[in-house]
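Trainee: I have a protein model open and would like to go through it step by step. Could we begin with the terms?

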Amino acid sequence: MKKLEEYIRSIPDFPEEGIIFRDITTVLQEAEGLKLAIDSMIECLKDVDFDVVVGTESRGFIFGVPIAYAMGKAFVPCRKKGKLPCETVTAEYDLEYGSAAIELHKDSIRKGQKVVVVDDLIATGGTIKACTGLIEELGGEVVKIIFLLELAGLKGREKLKGYDISSLITYEGA
């Protein structure tokens, strides 16, 4: 069986020269790769007491839903602004060029719930920092954050100090 790292495709000079894009579609399109990714994320949770999985749009959904299903937990989508139909809480955050906003339904996290956050990638950490803020605003406690990939050179962990973070694969650069 291949290692998880072997399922990641690296594409040089995308989206611009000097950037190496880490493509996870090659993990998803191979049954063994997808199973290895999900099973490895679940392994990171073996000793974690939690109630609900929150996945960020959209690749956090890909990994978060099967984890929640396999572990008998609820799943909550953290979506881009304007995509959820009921009353929401919103957090804005900065991107490399501009800003964005994400939302949770106000009734999606109950006070005292223990929450695991799942996403495919940590780069600068802005999206997950905004997501954890929303969870805590609703009274939840973030007990673990799991990523498939980490671009350590972008220092996203610094924005998430104080949280228990696991990344399955870490690339030292950007």
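Mentor: Helices (H or I, at least four residues) and strands (E, at least two) are DSSP runs, numbered from the N terminus. This is a predicted model, in which local features need pLDDT of at least 70, side-chain atom pairs count only at pLDDT 80 or more, and totals for chains, interfaces and linings use all residues. Residues are numbered from 1 along each chain as its sequence is written, and side-chain values use heavy atoms, with hydrogens and water left out.

Trainee: Where does Pro 15 lie?

Mentor: Pro 15 is in the loop between β1 (9–12) and β2 (20–23). The peptide bond that leads from Phe 14 to Pro 15 is cis, and its omega is near 5°.

Trainee: Which residues are joined by a cis peptide bond with omega of about -10°?

Mentor: Those are Glu 57 and Ser 58. Ser 58 lies in the loop between β3 and α3.

Trainee: Let us turn to α3, then. Why does its end-to-end distance agree with its number of residues?

Mentor: Helix α3 (residues 59–71) has 13 residues, which at 1.5 Å a residue should span 18 Å, and its end C-alpha atoms are 19 Å apart, which agrees. The expected span is 1.5 Å times one less than the number of residues in the helix.

Trainee: Which residues of α3 are buried?

Mentor: They are Gly 60, Phe 63, Gly 64, Ile 67 and Ala 68. These residues cover an arc of only 130° around the axis, so they are on the same side of α3. The arc is taken from the directions from the helix axis to the C-beta atoms.

Trainee: And what do the buried residues of α3 pack against?

Mentor: They pack against α1 (25–28), α2 (31–43), β3 (52–56), β4 (74–80), β7 (114–122) and β8 (141–151). Contact here means heavy atoms within 4.5 Å. The face turned away from the buried side of α3 carries the exposed residues Tyr 69 and Ala 70. Just after α3, Gly 72 has a positive phi of about 70°.

Trainee: New topic: how many aromatic pairs are there?

Mentor: The structure has 2 aromatic pairs. In Phe 14 and Phe 21 the ring centres are 5.3 Å apart and the planes are at 85°, so this pair is edge-to-face. Rings of Phe, Tyr and Trp (its six-membered ring) pair if their centres lie within 6.5 Å; planes under 30 degrees apart count as stacked, over 60 as edge-to-face and the rest as tilted.

Trainee: What about Phe 61 and Phe 75?

Mentor: Phe 61 and Phe 75 form an edge-to-face pair, with 6.0 Å from centre to centre and 85° between the planes. This pair links distant parts of the chain, since Phe 61 is in helix α3 and Phe 75 in strand β4, 14 residues apart.

Trainee: Last one: which ring does the charged end of Arg 22 sit over?

Mentor: The charged end of Arg 22 sits over the ring of Tyr 171, 3.8 Å from its centre. Lys 73 lies over the face of Phe 50, at 5.0 Å from the ring centre. A charge sits over a ring if NZ of Lys or CZ of Arg is within 6 Å of the ring centre and within 35 degrees of the ring normal.

Terms used:
Buried means under 20% relative accessible area, exposed over 50%, partly exposed in between (1.4 Å probe, protein chains only).
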